[in-house]
Amino acid sequence: VQLQASGGGLVQAGGSLRLACAASGNIFSINIMGWYRQPPGKRRELVATMTTGGETNYADSVKGRFTVSRDNAKNTVDLQMNSLKPEDTALYFCIYLRGSQIYWGQGTQVTVSS
């Protein structure tokens, strides 16, 4: 499975960005896709995920501000990020999960200035 993410950039606090990710390769019909992030000097952490059935899981720090969505037919997952804060600055990774196997995209940088 290959993951191609796009949409990162530099934005002021309070602004919005939308990340997009497309998966290709051996895609199973039932899976989880979503996003992790790694802030500078910190460990990688969950941001949001969504199953093919539509179940979502969000980090507490982004609830109410970020929205994950996906198109199962196109094998894509998006992350709409609103009310961005400087602490959202991180390298964001798209992920695809099937059973115990996780695949990572290359990462896209999001920088929020204060």
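This is a predicted model: local features need pLDDT of at least 70, side-chain atom pairs count only at pLDDT 80 or more; totals for chains, interfaces and linings use all residues.

Biologist: Okay, disulfides to begin with. How many disulfides are there?

Modeller: The count is one disulfide. Cys-21 and Cys-94 form it, and their sulfur atoms are 2.0 Å apart.

Biologist: Which parts of the chain does that pair tie together?

Modeller: Cys-21 lies in strand β3 (residues 17-24) and Cys-94 in strand β9 (residues 90-98), so the link ties together parts that are 73 residues apart in sequence.

Biologist: And is Cys-94 buried or exposed?

Modeller: Cys-94 has 0% relative accessibility, so it counts as buried. Cys-21 counts as buried too, at 2%.

Biologist: What's the handedness of the link between Cys-21 and Cys-94?

Modeller: That link is left-handed, with -80° about the S-S bond.

Biologist: New topic: the open sheet. In what order do its four strands come?

Modeller: The order is β1-β3-β8-β7, and the pairing is antiparallel.

Biologist: Which strands stand at the edges?

Modeller: Those are β1 (2-6) and β7 (66-71). Each has a single partner strand, so one side of each is left without a neighbour in the sheet.

Biologist: How much are neighbouring strands of this sheet turned against each other?

Modeller: By 15° on average, ignoring direction.

Biologist: Let's zoom in on β7 and β8. Over how many bridges do they pair?

Modeller: β7 and strand β8 (residues 76-81) pair over six bridges, in the antiparallel sense. If you want a spot to look at, Asp-71 stands opposite Thr-76 in β8.

Biologist: How does Asp-78 come out, buried or exposed?

Modeller: Asp-78 counts as buried, because its relative accessibility is 19% and the cut-off for buried is under 20%.

Biologist: What about Arg-37, which side chain does it meet in a salt bridge?

Modeller: Arg-37 meets Glu-45, at 2.7 Å from N to O. Arg-37 is buried, with a relative accessible area of 3%, whereas Glu-45 counts as partly exposed at 30%. Salt bridges that share partners join Arg-37, Glu-45, Arg-65 and Asp-88 into one network.

Biologist: And which residue does Asp-60 bridge to?

Modeller: Asp-60 forms a salt bridge with Lys-63, with the closest N and O atoms 3.1 Å apart. Asp-60 counts as exposed, at 65% relative accessibility.

Biologist: Last topic: the largest nonpolar core. Which of its residues touch the most other members?

Modeller: Those are Trp-35, Leu-79, Met-81 and Tyr-92, out of 27 residues in that core. Several strands each supply at least two residues of the core, including β4 (32-38), β5 (45-51) and β11 (108-113).

Biologist: Okay, and what does Leu-79 touch?

Modeller: Leaving out residues up to four places away in sequence, the contacts of Leu-79 include Leu-17, Leu-19, Trp-35, Val-47, Phe-66 and Tyr-92.

Technical notes
Residues are numbered from 1 along each chain as its sequence is written. Side-chain values use heavy atoms; hydrogens and water are left out. A disulfide is a pair of cysteine sulfur atoms within 2.5 Å. Buried means under 20% relative accessible area, exposed over 50%, partly exposed in between (1.4 Å probe, protein chains only). Two strands pair if DSSP finds at least two bridges between them. Axes are lines fitted to C-alpha atoms, for helices over the stretch in contact, and angles run from 0 to 180 degrees between N-to-C directions. A salt bridge is a side-chain nitrogen of Lys or Arg within 4 Å of a carboxyl oxygen of Asp or Glu. A nonpolar core is a set of buried Ala, Val, Leu, Ile, Met, Phe, Trp, Tyr and Cys residues joined through side-chain atoms within 4.5 Å. Contact means heavy atoms within 4.5 Å.
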